[in-house]
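Please keep the sequence and the structure in view while reading.

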Amino acid sequence: MSDAAAALAGSAADAESSAERNLRLMASGHERQEDDRCPICFDLTELPMSKHSKINVCCMKRICNGCDLAARRRGLRGCPFCRTPHPHDDASALVMVQKRVSKGDSEAIAYLGEPHFRGTLGMAKDVPRAIELWMEAAELGSVYAHYQLGGMYYTGDGVEEDKPRGIHHWQQAAMKGHVQSRNNLGAAEDENGNYELAVQHFMISAKMGNEQSLDNIKDMFKKGLATKQQYAEALIGYRDSVEETKSPQREEAKRLGI
């Protein structure tokens with residue numbers, strides 16, 4: 001085979017591989033990961049989860065605000081899940097996290113990467129250590145770690161920018177149901193002018209309850225880059241997804257500002 005023919009065959013193989021990856025990416029991750037469910041009521045938590053739930057470093061369980069409110073009303077002042085008293089300062093919180101890390105808890109390892117990356121919880125900023133922790137957690141299956149690595153490499157936040165590497169990590173997270181990673185993939189495709197792929201990503205994440213993705217599809221519709229049918233489908237899917245996360249005690253928590 002000539003060099004030109006070999007190069008052409010190699011390009012065809014790469015294109016086929018890329019197409020296969022896109023098919024796999026678009027065919028998976030349409031349902032949110034199980035960790036997005038409150039371990040007490042078992043319902044999916046409304047997005048963004050940081051607003052509608054709280055993580056407990058004693059057991060690394062994220063409890064929805066509705067269940068947190070119910071626990072308080074029963075007089076419980078510790079973790080609603082494992083009953084451990086809440087840490088009283090950053091030092092005691094760090095001890096709890098380290099205890100989980102020593103047991104190989106992937107989410108605790110991923111969680112510990114954040115204070116190293118930002119220099120919080122009384123720790124000095126140490127980006128290389130944060131990367132090391134996130135890589136370890138990702139290998140253990142943490143989608144949050146993949147998400148963090150994706151953002152860091154794609155934007156060059158604390159490291160040399162490496163967009164393909166960032167996208168790879170977001171893809172790994174998105175295929176396991178991480179909603180914000182899916183939205184970010186849509187934004188990356190939009191930025192690169194791949195509007196059809198961008199809309200597909202945004203529709204998947206909008207149907208899982210991501211308002212930002214819904215807004216992105218709306219903007220693309222206004223620009224003629226998405227159809228009216230696609231926007232309507234995303235809107236209905238978004239509304240249905242959000243409705244499924246509601247409960248009387250969660251609505252009460254919102255009313256009380258919890």
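In which helix is the place of Gln 180? Gln 180 is in helix H9, residues 179-191. The model is a predicted one, in which local features need pLDDT of at least 70 and side-chain atom pairs count only at pLDDT 80 or more, while totals for chains, interfaces and linings use all residues. Residues are numbered from 1 along each chain as its sequence is written, and side-chain values use heavy atoms, with hydrogens and water left out.

**The chain as a whole**

- The protein chain has 13 helices and two strands; helices (H or I, at least four residues) and strands (E, at least two) are DSSP runs, numbered from the N terminus.
- Along its principal axes, the C-alpha trace of the protein chain spans about 75 × 45 × 25 Å.
- Of the 258 residues in the protein chain, 43% are buried; buried means under 20% relative accessible area, exposed over 50%, and partly exposed in between, with a 1.4 Å probe and protein chains only.
- Among contacts (heavy atoms within 4.5 Å) with a separation of 6 or more, 50% are between residues 24 or more positions apart.

**Surroundings of Gln 180**

- Gln 180 has a relative accessible area of 24% and is therefore partly exposed.
- Leaving aside neighbours within four places in sequence, Gln 180 is in contact with Tyr 147, Asn 210 and Gln 212.
- The side chains of Gln 180 and Asn 210 are joined by a polar contact of 3.2 Å. A polar contact is a pair of N or O atoms within 3.5 Å; within protein, one must be able to donate a hydrogen and the other to accept it, and residues adjacent in sequence count only if both atoms are side-chain atoms.
- From C-alpha to C-alpha, Gln 180 and Arg 129 are 24 Å apart in space, and 51 residues separate them in sequence.

**Helix H5**

- Helix H5 (residues 106-118) has 13 residues and reaches 19 Å from its first C-alpha to its last, close to the expected 18 Å; the expected span is 1.5 Å times one less than the number of residues.
- The buried residues of H5 include Ile 109, Leu 112 and Phe 117, and what covers the buried residues of H5 includes helices H4 (90-102), H6 (127-139) and H7 (143-155).
- At the N-terminal end, Asp 105 caps H5, with a side-chain oxygen 2.9 Å from the backbone nitrogen of Glu 107.
- Just after H5, Gly 119 takes a positive phi of about 75 degrees.

**Helices H3 and H13**

- The axes of H3 (residues 65-73) and H13 (residues 248-255) come within 7 Å and cross at roughly 85 degrees. Axes are lines fitted to C-alpha atoms, for helices over the stretch in contact, and angles run from 0 to 180 degrees between N-to-C directions.
- H3 and H13 are therefore roughly perpendicular to each other, a term for angles of 65 to 115 degrees.
- The contact is made by residues including Leu 69 and Arg 73 of H3 and Arg 250 and Ala 253 of H13.

**Backbone features in loops**

- Most residues other than glycine have a negative phi, and most peptide bonds are trans.
- The peptide bond from Leu 47 to Pro 48 is cis, with omega near -5 degrees; Pro 48 lies in the loop between helix H1 (3-27) and helix H2 (49-52).
- Phe 42 is not a glycine, yet has a positive phi of about 70 degrees; Phe 42 is in the loop between H1 and H2 and counts as exposed at 56% relative accessibility.
- Arg 83, in the loop between H3 and H4, has a positive phi of about 70 degrees although it is not a glycine.

Key:
Parallel < 35°, antiparallel > 145°, perpendicular 65-115°, else oblique.
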